[in-house]
Amino acid sequence: RNTQMIPSATMWITHVVLAEAILRIPPKTRGDILECGCYKGASTASLSAVCDLVKRRLIVADSFCGLPDEEGGKIAVYSHLKQFGKYEKGMYSAGLEEVKSNIKKYGKIKACSFLPGFFSESLKSLNKNFALAFLDVDLESSIKDCIKYIWPRLFDGAYLYTDDSCDIEVVKVWFNDSWWKKEIGTPAPGYVGSGCGLPIDISHSGLGYAQKVTNINQIYNE
């Protein structure tokens, strides 16, 4: 319903997989859920309903004015799909009030807190830890900003999902050891779903994930 009633950049099955991932988080694990990049709020409405069910806050970060500017625009290459496109400033724009209105109609607005602004600035204000994050940010620069400020605030064992798995340039960030060691202080974690996404649809999906694992024994025991 949400993807039918609200213009969406994600497939409905993606919402189902994310909902299941949130429901699988043990109740004893504290932490909120973070979404970066919400467009008009279709995925936010779905995630807010799940967060309300499990009594977790959904922090929604977005510029609410579309993609930031990248010099010359960004060519997105989807090798597996034999497609390419161009991202430009202002794409996927929706105002905060429009997003809130959609969530009020189709989700649970009381579960949401909003963090307006471009990620390079807005995410600096994060002061809590997260049990799961979902990013749909399209640009390499944006994914780097998100990782820089979010990864250190993920609990050990937490999953960070993105809907950018078909974009090879964005996926490369998850394997860039030198960047990770410089910015995060850890080796690159890799990424499950590189190039064609998780097998949740008959053709492809944009969904993939990285898992934060710093203590393998703790994760195994849980």
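Two aromatic rings of Phe, Tyr or Trp (its six-membered ring) make a pair if their centres lie within 6.5 Å. Keep that handy, and remember that this model is predicted.

**Exercise 1. Find which residues ring pairs link into a cluster, and work out how Trp-179 and Trp-180 are arranged.**

Step 1: Ring pairs join Trp-151, Trp-174, Trp-179, Trp-180 and Tyr-191 into a cluster.

Step 2: Now take Trp-179 and Trp-180, whose ring centres are 5.9 Å apart, with 80° between the planes. Planes over 60 degrees apart count as edge-to-face, so this pair is edge-to-face.

**Exercise 2. Work out where the buried residues of helix α4 sit and what they pack against.**

Step 1: Helix α4 spans residues 96-106, and its buried residues are Val-99, Asn-102, Ile-103 and Tyr-106.

Step 2: Looking down the axis of α4, you'll find these buried residues within an arc of 100°, so they line one face of the helix. An α-helix has 3.6 residues a turn, so residues three or four places apart point the same way.

Step 3: Turn to the face away from the buried side, and there are the exposed residues Glu-97, Lys-104 and Lys-105.

Step 4: As for partners, the buried residues of α4 pack against α1 (2-5), α3 (42-54) and β5 (112-116).

**Exercise 3. Decide whether Tyr-161 is buried or exposed, and look at its contacts.**

Step 1: Tyr-161 belongs to strand β7, residues 154-162.

Step 2: Its relative accessibility is 8%, so Tyr-161 counts as buried.

Step 3: Beyond its neighbours within four places in sequence, Tyr-161 touches residues including Leu-18, Ala-21, Leu-135, Leu-198 and Tyr-209.

Step 4: Leu-135 is 26 residues from Tyr-161 along the chain, yet their C-alpha atoms are separated by 6.2 Å.

Key: Residues numbered from 1 in each chain as written. Predicted model: local features only at pLDDT ≥ 70, side-chain atom pairs only at ≥ 80, totals over all residues. Heavy atoms only, no water. Helix = DSSP H or I, 4+ residues; strand = E, 2+ residues; numbered from the N terminus. Buried < 20%, exposed > 50% of the residue type's maximum accessible area, 1.4 Å probe, protein only. Contact = heavy atoms within 4.5 Å. Arc of directions from axis to C-beta. Phe/Tyr/Trp six-rings, centres within 6.5 Å; stacked < 30°, edge-to-face > 60°.
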